Amino acid sequence: LGDAESLLEEAERLHREAGSTLGTANDLSIRAQLAMLQGSLGDAESLLEEAEGLHREAGDALGTANDLRARARLAMRQGRLGDAESLLEEAEGLHREAGDALGTANDLRARAQLAMRQGSLGDAESLLEEAEGLHREAGDALGTANDLQDRAQLAMRQGRLGDAESLLEEAEGLHREAGDALGTANDLSIRAQLAMRQGRLGDAESLLEEAEGLHREAGDALGAANDLSISAQLAMRQGSLGDAESLLEEAEGLHREAGDALGAANDLRARAELAMRQGRLGDAESLLEEAEGLHREAGDALGTANDLQDRAELLALQGDYDRALSELAKAEELYERMGDGYSLDLARELREWIEQMANEE
C-alpha cells in the first residue's frame, strides 16, 4: 500500500498538470480506496466527494457510479447502513443503464454484504448468486473469488460449515493464483473463524498469524484490527483472558481511530463477554449498552441480536431469570427472521442453561 500511495501521488500530479479532469478524478477514487484500507475513513470520504464532483461535472456516468458504490462501502464501515442502501441503488441504476455487467456485479455483491448486516440472509444469497454468475460469465477471477468469500461467510451464518469450507478453499485458490495478498489474508481470517467454530483452535491460531502478517505487511490497518478482534476471541476460548483484554484494547483503538463504528461496536461486545468471564458484571452491562446503541443506530440487525443474547446471559448471571428469558426471546426472534441457524442454535442452548439455573434456584 505504501508503493501504491507513491504511484498515485505521481499520477495525480501529472493529471493535474495536464488539466485532465477525468484522470484526476480516477486518481482520487483510487486514493480513497487506499485510504479505506489504511483505516483513514475521513480522508476517504473527502477524496470520494471530490472525485464524484469531478466525474459528475465531466458527465462520466460510470465514474460517478463507481464513486457511489465506494461511498456506500464507506458508509457501511461507518455504521450508516441506510445511507449505504440509497447510494447502492443509485450506483446500480447507473451501471445497469450503461450496460456495465461488472459494475452491476460489484454493486450486487455490495448489496449482499449490506443485506447480511441488516439480517436479510435470503436476499443476500440471491444477490451473491447473481453477482457470481456475472463475474464468472465475464471471466473475472477476482470478482468470483470475492463472491465465494462472501458466500462462505453467509454459509457460516446459516450453519452450513461444510459448504463454507469448500467455498473458502476455492476462493483462496483463486486469490493466491492471482497474487491478491489482501484477498488471501481475508480468506485466512474467515478460515480461522470457521476453525474456531469447528473446535480446531490450533489451526485457527496458525491461520490468524498468517492473515495478520499479510494485513500488516500490506499496511491494511482495518484488516489487522479485525484479525486482532478474532485473536481475542480465540484467546478467550483458550482461557488466556489477559491476552484477550490486550488484543481487544488494541483492536478497538484501531477501529475507533479509523471511524469504523461497527468494528468498534463488535469490540465492545467482545469486551463485555470478557468482563462477564472475569466476574465484572457492572462493566459488562455498560459495555453492552454502548455496543447495542451503536448497532441499533446503524440498523445492524445481527449486531443487535448478538447484544440481546449477551444481555440475556448477563441478566441470568445477575439472577434476573425472567428478564433474561425475555431479552433472549427478542434475540431468537431476530435470528429466526434472518435465517441465522447457527446463532439461533446458540440462543436455544443459552435458553436451556438459563431455565436450568432458574429451576435449580
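1. Starting with the second largest pocket: its lining splits into four nonpolar, two polar and four charged residues. The classes put Ala, Val, Leu, Ile, Met, Phe, Trp, Tyr, Cys and Pro under nonpolar, Asp, Glu, Lys and Arg under charged, and the others, Gly among them, under polar.

2. Before going on, some bookkeeping. This is a predicted model, where local features need pLDDT of at least 70, side-chain atom pairs count only at pLDDT 80 or more, and totals for chains, interfaces and linings use all residues. Residues are numbered from 1 along each chain as its sequence is written, and side-chain values use heavy atoms, with hydrogens and water left out.

3. Back to the pocket, which holds about 160 Å³ of space. Here a pocket is an open set of points on a 1 Å grid over the protein atoms alone, where a 1.4 Å probe fits, with protein on both sides within 12 Å along at least five of seven lines; lining residues have an atom within 4 Å of a point. The volume is the space filled by probe spheres set on the points, which are joined across faces, edges and corners.

4. Who lines the second largest pocket? Glu85, Leu88, Glu89, Arg111, Leu114, Ala115, Gln118, Ser120, Asp123 and Leu127 do. Helices H5 (81-98), H6 (101-118) and H7 (121-138) each give two or more residues to that lining, and H6 has the largest share, with four. Helices are DSSP runs (H or I, at least four residues), numbered from the N terminus.

5. H6 also packs on H4 (residues 61-77): their axes come within 11 Å and cross at roughly 15°. Axes are lines fitted to C-alpha atoms over the stretch in contact, with angles from 0 to 180 degrees between N-to-C directions. H4 and H6 are therefore roughly parallel (angles under 35 degrees; over 145 is roughly antiparallel). On the H4 side, the contact (heavy atoms within 4.5 Å) uses Arg69, Arg73 and Met76. Its residues divide into three nonpolar, three polar and four charged.

6. H10 (residues 181-197) and H12 (residues 221-237) also pack at about 15°, axes 11 Å apart. Ser189, Gln193 and Met196 of H10 meet Asp227, Ile230, Gln233, Leu234 and Arg237 of H12. That contact has three nonpolar, three polar and two charged residues.

7. H14 (residues 261-277) and H15 (residues 281-298) pack at about 155°, with axes 8 Å apart. That makes H14 roughly antiparallel to H15. The contact includes Leu262, Ala265 and Leu268 of H14, and Leu287, Leu288 and Leu294 of H15. By class, the H14 and H15 contact residues come out as 14 nonpolar, two polar and four charged.

How values were computed. Angles under 35 degrees count as roughly parallel, over 145 as roughly antiparallel, 65 to 115 as roughly perpendicular and the rest as oblique.
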